[in-house]
Amino acid sequence: MDIKTILLLVPLLPLFGAAVSGLLRNQVGRAGAHWVTILAVAGSCLLSFWVLYLQMYEGLETLNYSVYTWMVVEGVTFEVGFLVDHLTSLMMCVVTFVSLMVHIYTIGYMHDDPGYQRFFSYINLFTFAMLMLVMANNFMQLFFGWEAVGLVSYLLIGFWFKKDTAIFANMKAFLVNRVGDFGFLLGIAAVLMTFGSLDYATVFTAAPDAAGETISVIGGMEWGLLTFICVCLFIGAMGKSAQAPLHVWLPDSMEGPTPISALIHAATMVTAGIFMVARMSPLFELSDAALSFVMLIGAFTAFFMGLIGIVQNDIKRVVAYSTLSQLGYMTVALGVSAYSAAIFHLMTHAFFKALLFLGAGSVIIAMHHQQDMRYMGGLRKYMPVTWITAWLGTLALVGFPFFAGFYSKDAIIEVVHLSERFGAGVTYWLVVAGVFVTAMYSFRLLYLTFHGKEKFEVVEGADPHAHLPDGQLAHKPHESPLVVTIPLILLAIPSVVIGWLTIEPVLFGGWLSDAIYVAEGNDVVAALGEHFHGATAMAIHGVQTVPFWLMLAGFAVATLVWRFRPGIAATTKARLPGLYSLLDHKYYFDEFNQKVFANGAVRLGQGLWKKADAGFIDGILVNGSAKLVGRVAALVRRWQTGFLYDYAFSMIIGLIAILGVWVVLR
Amino acid sequence: MMPLLSLLIWVPILGGVATLAAGDSRPTMAKWISLLAALVTLVLCIPLYTGFDNTTAAMQFEEMRPWISAFDVNYHLGVDGFSVPLILLTAFFGPLVVIAGWEVIKDKVHQYMAAFLIMEGLMVGVFSALDGLLFYVFFEAMLIPMFLVIGIWGGPNRVYATIKFFLYTFLGSVFMLVGIIYLYLNAGSWAITDWHALPLTMVEQKWIFLGLLAAFAVKIPMWPVHTWLPDAHVEAPTGGSVILAAIMLKIGGYGFIRFSLPITPDAAAALDWLMIALSLVAIVYIGFVALVQQDMKKLIAYSSISHMGFVTLGLFIAFAIYRNSGGTQGAGLGVEGAMVQMVSHGFISGALFLCVGVLYDRVHSREISAYGGVANTMPWFAFFAVLFLMANSGLPGTSGFVGEFMVILASFRANFWFAALAGLTLILGAAYSLWLVKRVIFGAVANKDVAALRDINGREALVLTTLAIAVVGMGVWPFPVVDMMHASVDQLLAHVIQSKLN
C-alpha cells in the first residue's frame, strides 16, 4: 500500500467504525458494534506501528503534505494535511495502542449497559479526532482535533446522561476547556497575523525573524510578540492538559465510565496540550518568559494537585489527581526546554496510568460500582490479576528503579536541576517534594483497596441489581473477565519495560530531533545525556539519589499510616482541620468559580436582559414611544368632538389668527 | 438566454398564486403544488451555480427592462459573488419549510404555503435587484407575507409581535427610502452600480449611511434595535421563525455589503468605531442575555443576534486593518468570514428553530423547564439537536466554526481587543448552548409529557438530515462557498478604501 493511503486509513478507519456503530446501531447490534470498532482501531494501530517500523528500519523520511484544501482566502491556504515525523508516529502508536486496549476492556466493563453501541461509537470517534490532532500539519487542523476530542470527551463524561452529576461535569469540562481554547484561538490569530500562514513548516521557518517584534496589548505595555503567542497557545494547553487554574474539570470528568477515564482523561486527550507545546518547540524556544510561565504553572500543578490526592476517598479521583500531578511534571519538562523528556513521560504515563485506571475500573466492577475506598480492602485475594497489575502500575508511577516511570520522571527531575531558567530553583524543590507525595497517595490507594481488612460485607440473598447501602455487596467480589484482565496484562508489560527499552533512543539518541527544536544553551537533555551510561546504570545510580529516598519515605509513611496504624490518619486530620478542609475542598477553586464566574454570568445576563433590554430599550424606548404616541393622540382626540359648532368655532378662531398674523407681519 | 433570475423570483411567486388558487378545501393539492414550486426553484439554482463565473466581480445573469420610465426606474437584475450564496440559501430553505409545515399546519394550509412561496420569490428579488427602487419594493413587500404568517399562524401574543415587527422594520426602511431618493436625485439614476460611483461629500455620506443603517441595523438586527426579534420569533410559527432567522436577517448584512460600504465608504470608515462597538456589544452583551433565557425560541433568537454581530464585525474591521497596515490583507478574511457566517447561521438557526418546532408540536411548550431528559425518549432527535447546538457554539467541523474563525482571525489584525471580545463567544456560545442541552436533552425523564414523546418521524428526519449534511459539509469543506466570492470581495475592498470625497 502507498504510504499516503496508509496514513489516510489510520484516522479514517475509526471514523468509519464510529459511523457504523453509531448511526446503524440497531442494525449491527451489540456484537456488530464492538467488532467493527475494535477491528477499525486494531487496523489503525497496526498501520501506526507499520509507519513507526518504516521510520525506524526503512529510513522513511518526514512526510509533510496536504490531504485537501479546506479553503483559500486572500492567497492564504487553509489545508487539511498530515505531518508525519517521529513525534507523530510515536503519538499515533501510543494513542491507537491504548485505545485498542480500552476498546477490548470496554466489552467487559460496559457489558450490561444499554448504551453499548453508542459507547463504542464515541470511543472510535475519539480515536479519529485524537489522530487528526497529532497528525495535523497546521494550526487549523490542530484546532479541529483539539475541539473534536473536547466534544467526544463532553459526550463521554455525560455518557450516563440521566445522572445529574455527570451532565454537570461534562458541561463544566467543555466550558473550562473553552476558556483555554479562547486563549488558543487568539494565539492562532496572532500566528496568522505574524506569519501570514497557519502551516507549521512555514511558521517555524519564519519564527526566528519575528523574535524582535512586539505587540501592545494593554495600554501601551509592549509584549514580545512570540511571548504573547506562546502564552496564548499555552493557555489552550492549560485547558486541555488540566493545568491550574484550568484543572478543575478533570476530577469531575471521573463521572464518565472508567474506560474513558483511562483513554481520554489519562493517556491521550489530556496530553494533547503537552504534545502541542512540544510540537511548537520552535516557537517556545524563542521566548524564555513564556517557558518560565509554563514551568511554574506545571510545578504548581505537579505538587499541589498531588497533595489533594492524599485526602480523596473515591478510587478514581485519587488516580485523577495523580494524573493532574503527572501532567504537571510533563509541563515542567516543557518549561525547561526538555521537550523530549516531556514526550517520554507522556508515553510512559500513558501506559501506566491507563493501567491504573483500568485496574480501578476492574475493582469497581467487582464492588458493584462502589468507588469509595473506605468500603473496600483486602481485595487482593479475590482478584489477583488486578492486584498484581495495580502494583506494577503503582511502582511505575512512583518511579521505582527499572520501571517505566522511573526513567521518565527521574529524567525530568534531573533536567530541572540542570536548568538555569528563571524559576527553575523553586520548581526543582516542588517536583522533588512531589515524589514523596506521589508515593503517599499511590501506596495509600493500594493499601486501602487491596490490603488490610475487608470493609464490606456480603449480604446473602440480596438482589444483585438493587442499589445496596454503602459497604454491602450482593455477592463476593471476584476477578474480572478475560476481556478486562488481558488489557491489564498487556498494559502492565510496557509499564514495566518501556522506559528501560526506549530511554536511550527517545531522550538521548535524537529520535525526536526531527520534530523538536531546542535552542543552543537550552539543551538540558543533551547536558544530562553526557552523564548517561545506559538504562541499567541509570537505574542503579537512581538508588543513590534524593528522589529515590523520598519515594521510599512516602512508601514508609503510607505503609505505617494506612496499613498498620490507621489511627494516625484520623488524628492528623483532627489536628490539622484547616489544612484538611483546604485539601478536601481542593483549595476552593470550584466554589470560587461557581460563585464568581457561573453565578456572576447568570446575574449579569439577568441584569442586562431585565434591566437593559426589557426595561430600558423595550420599556422606555419602544413601548414608551408607542405610549407617547397614544397619549398625544388621546390629547389631540379631544379636539375631534364631532360637533359642528366646535369645528365652526375653531375655523373662525383660525381665520382670525391667520388674519392677525398677516396684518402684523405685513 | 433564459432569464434565470426572473424565473427564480417568479416561479415561487406564481407557485404561491397557484397554491392560493387550490383553495382551502383542497389542502393536499395546495401542499403538492407548493412543494413542486419550491423544488423547481431549487432546481433552477443549479444553472445559477454552474453558470456563475467566480473569476469576475462583474454582475452576471443581468436582466434589464424599463419599468417606470418617467422616473428612470428599471426592472434591473443581476448577481455577483455576494448575492449568489444568499440566493442559493433562500432556495435551499424553500422545500424545507414546505415539508416542515406539511402535517403541522392544519388551518388555511393554502395561504400558509402561498405566503412562504411568495416570500421566497421576493427575497430572491432582494438579493438580485440592481435597481434601488426595485430593491426597495422587494424589501418592503417581503414584510407583508411575514406579517401575515406571524399574525395568522402565530402564538397567543402574535398581535403585539407583528405590530412591533412591522413598525420596527418599517420605521427603519423609511429612513432608507429618504436616503435612496436623495441618491436618485443626485445621480439621476436608480442603478445601484451608478450610486457606487457617485461622489458624495462627507456630510452627505454620513446622513445616507445613517439612513441606510436605520434600515439594515433593524433587519440584521444590531443592538439596540434588536428587541423586535425575540418577540417575533416567539410568536411566529416554526416555518416563520426558520425563514426569519435563516434568510431575512441576512438581508441586513447584504444591505451593508451592497449599499452602505460601497456607496458611503468614507462615512463607513469614519463611523466604523460605532459599527464595531455595536457588533461587540451584540456578541458579548447578547451572549449573556441568551444565557438566562427561559424560552427556547428566545434563546435561539438572542443567539442569532449575537452571531449576527460577527457579520457586522467582519464587514467593518476592514478600515481599521487598512489604517494599521496600509493594505487590505486580512480584510478580505473578515468580509468573507461575514458572508460565511451568514450562510452558516442560516443553516444552523433554521435547524435549531426546526428542532424547537419538533418539540413544540408534541408538547406545545417552548419553556425550557417543561422539558428534561428528552434524549431518553427521542434519541435521534437528541442526536440532531446536540449536533446543531454544537454547531451553534462554533465547533470545528461544522459550519458554525468557519465564519467565526475567519472573523476572529481577521479582527486580530484590526485590534487585539476586537478579537479578544469576539473570542468570548467561544465561552458564551458554548455556555448557553450546552446549558440548553443539559436542561432539555440530558437528564432523567422530567415529566409525563417527556415520557410520552415519540421520536422524530421520517418527514422530520428528512429535513434535519438535509440540514445536518449542509452544516457538516460546509464545516468540512467550505472551499466552494468561499471560492464563489473572492472576486467580488476583492473588488469591494478595492472600492471601499478609495475615498469618494473629491
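Residues are numbered from 1 along each chain as its sequence is written, and chains are lettered from A in the order in which they are written. In this predicted model, local features need pLDDT of at least 70 and side-chain atom pairs count only at pLDDT 80 or more, while totals for chains, interfaces and linings use all residues.

Visitor: Which element gives the largest share of the side of chain A that touches chain B?
Guide: Contact here means C-beta atoms, placed from the backbone, within 7 Å. On that basis 41 residues of chain A meet 40 residues of chain B. Elements are DSSP runs numbered from the N terminus: helices are H or I, at least four residues, and strands are E, at least two. Of the side of chain A that touches chain B, 15 residues come from one element, α6(A).

Visitor: How do the axes of α6(A) and α21(B) run, roughly parallel or roughly antiparallel?
Guide: Axes are lines fitted to C-alpha atoms, for helices over the stretch in contact, with angles from 0 to 180 degrees between N-to-C directions. These two come within 9 Å and cross at roughly 165 degrees. Angles under 35 degrees count as roughly parallel, over 145 as roughly antiparallel, 65 to 115 as roughly perpendicular and the rest as oblique. That makes the pair roughly antiparallel.

Visitor: How many residues in the contact of α6(A) with α21(B) are charged?
Guide: Ala, Val, Leu, Ile, Met, Phe, Trp, Tyr, Cys and Pro count as nonpolar, Asp, Glu, Lys and Arg as charged, and the others, Gly among them, as polar. The α6(A) side includes A:Arg178 and A:Asp181, and the α21(B) side includes B:Lys438. The contact has 13 nonpolar residues and no polar ones, and its charged residues number three.

Visitor: Is B:Lys298 buried or exposed?
Guide: B:Lys298 lies in helix α14 of chain B, residues 296–316. Buried takes 20 or more other C-beta atoms within 10 Å, exposed 12 or fewer, and partly exposed falls in between; C-beta atoms are placed from the backbone. B:Lys298 has 21, so this lysine is buried.

Visitor: What is the radius of gyration of chain B?
Guide: Chain B has 24 helices and two strands. The radius is taken over C-alpha atoms, and the globule rule is 2.2 Å times the number of residues to the power 0.38. For 502 residues the rule gives 23 Å, so chain B is as compact as a globular protein of that length, with a radius of gyration of 22 Å.

Conventions:
Two residues are in contact if their C-beta atoms, placed from the backbone, lie within 7 Å.
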